[in-house]
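Subject: A structure for you to look at

Hi,

I am passing a protein structure on to you, and I hope you enjoy exploring it. Could you open it and keep it beside this email while you read?

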Amino acid sequence: MNVRQLCTSRRSISVAAALAGMVSLAIGAHAALNMRALDAAKAISTEQSDSAAKKTSRIALVIGNGHYPDASAPLVQPINDARALTAALRGKGFDVDVVEDASKDDMSRAVARLKSRIKPDSVVMLFFGGYGVQVGRESYMIPVDAAIWKESDVRRDGLSVESVLDVMKEQGARAKLVVIDASRRNPYERRFRTFSHGLAPINVPDNALILSSATPGKVADDSRGQYSVLVSELLNNLNAQSAGVETVFNKTRVAVSRASDGAQVPSVSSSLLEDVRVGSSENAGG
């Protein structure tokens, strides 16, 4: 091999080495970019997962019962109330299961569905409109197919408010909200041997808020409006502000009392430990 060929060979080797180095650098840079892109994607995914985990679920069971065979006439307002409240709650980010003219089986299945949807840290609401009866200082929501002739029939055919609160508690609900619009003069009173008028005081578990349409032991006559006075004022307060739910319930109590000139005074019982918001935002401290 002469000198010229030797020089040419060395230059070729140098060029090849340089090209190999450039290719290696390019591959390394590409791999680094891919790793950074993968890390960024993982970070975004983790952030989204954390955000979803932190977002409190809001679920509600809404029951409106109007057509009771033992009543002299159907109740128009409970079903209207259920539909209007369902729309309002859905607008606030609640996942609502609504049941109308529910039988005992319908109500039991609805509570089972509610139980399956409750997650730890959920905000859970129960609304019932219809006839309510107290027996043994416990309040029962009455299904439309109840056959009630004596007090023991209420326990058999009715669904106690406390039993639904127990389900919420057992499933770890963060906050338990209850609205019971059932303090009507029920059609079974004359069949009972003991006094039963209005609803009994409802036992309040931890971190719960309960609004009922009248003071325990009192009854409230239905108004002539499309909605009950309680639900009408509740809707007004839900739509007018983004305040905590305890403020909404208390303002509703005052508004109903004023609208009825003191003839109907709702009851609010609270054991809330935080300012729970009804809307999609978190609590005031979150």
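Below is what was found in it, topic by topic.

First, some ground rules. This is a predicted model, in which local features need pLDDT of at least 70 and side-chain atom pairs count only at pLDDT 80 or more, while totals for chains, interfaces and linings use all residues. Residues are numbered from 1 along each chain as its sequence is written, and side-chain values use heavy atoms, with hydrogens and water left out.

How confident is the predictor? pLDDT is its confidence in each residue, from 0 to 100. The protein chain averages 83, and 76% of the residues score at least 70. (Contact means heavy atoms within 4.5 Å.) Where pLDDT is low, the predicted coordinates should not be read in detail.

Now the sheet. Helices (H or I, at least four residues) and strands (E, at least two) are DSSP runs, numbered from the N terminus, and two strands pair if DSSP finds at least two bridges between them. Six strands form an open sheet in the order S2-S1-S3-S7-S8-S9, with mixed pairing. Strands S2 (95-100) and S9 (267-270) stand at the edges with a single partner strand each, so one side of each has no neighbour in the sheet. On average, neighbouring strands of this sheet are turned by 10 degrees against each other, direction ignored. (Axes are lines fitted to C-alpha atoms, for helices over the stretch in contact, and angles run from 0 to 180 degrees between N-to-C directions.)

Strands S3 (residues 123-129) and S7 (residues 175-181) pair in the parallel sense over seven bridges, and Val123 stands opposite Ala175 in S7. Helix H6 (residues 229-240) packs on the sheet, touching S3, S7 and strand S8 (208-212), and the direction of H6 makes about 140 degrees with that of S7. Helix H7 (residues 245-259) also packs on the sheet; H7 touches S3, S7, S8 and S9, and its direction makes about 20 degrees with that of S8.

Which residues of helix H3 are buried? They are Met107, Ala110, Val111 and Leu114. (Buried means under 20% relative accessible area, exposed over 50%, partly exposed in between, with a 1.4 Å probe and protein chains only.) These residues cover an arc of only 100 degrees around the axis, which puts them on the same side of H3. (The arc is that of the directions from the helix axis to the C-beta atoms.) Their packing partners include strand S1 (58-64), S2, S3 and helix H5 (161-170).

- Asp101 has a positive phi of about 45 degrees although it is not a glycine. Asp101 sits in the loop between S2 and H3 and is partly exposed, at 25% relative accessible area.
- Arg137, also not a glycine, has a positive phi near 60 degrees. Arg137 is in the loop between strand S4 (132-135) and S5 and counts as exposed at 62%.
- Ser267 lies in strand S9 and is buried at 17%. Beyond four places in sequence, its contacts include Ile210, Leu211 and Ser212.
- Ile79, in helix H2 (residues 77-91), is buried at 10%. Beyond four places in sequence, Ile79 has contacts that include Glu100 and Asp101.

Happy exploring!

Definitions and conventions. pLDDT is the predictor's confidence in each residue, from 0 to 100.
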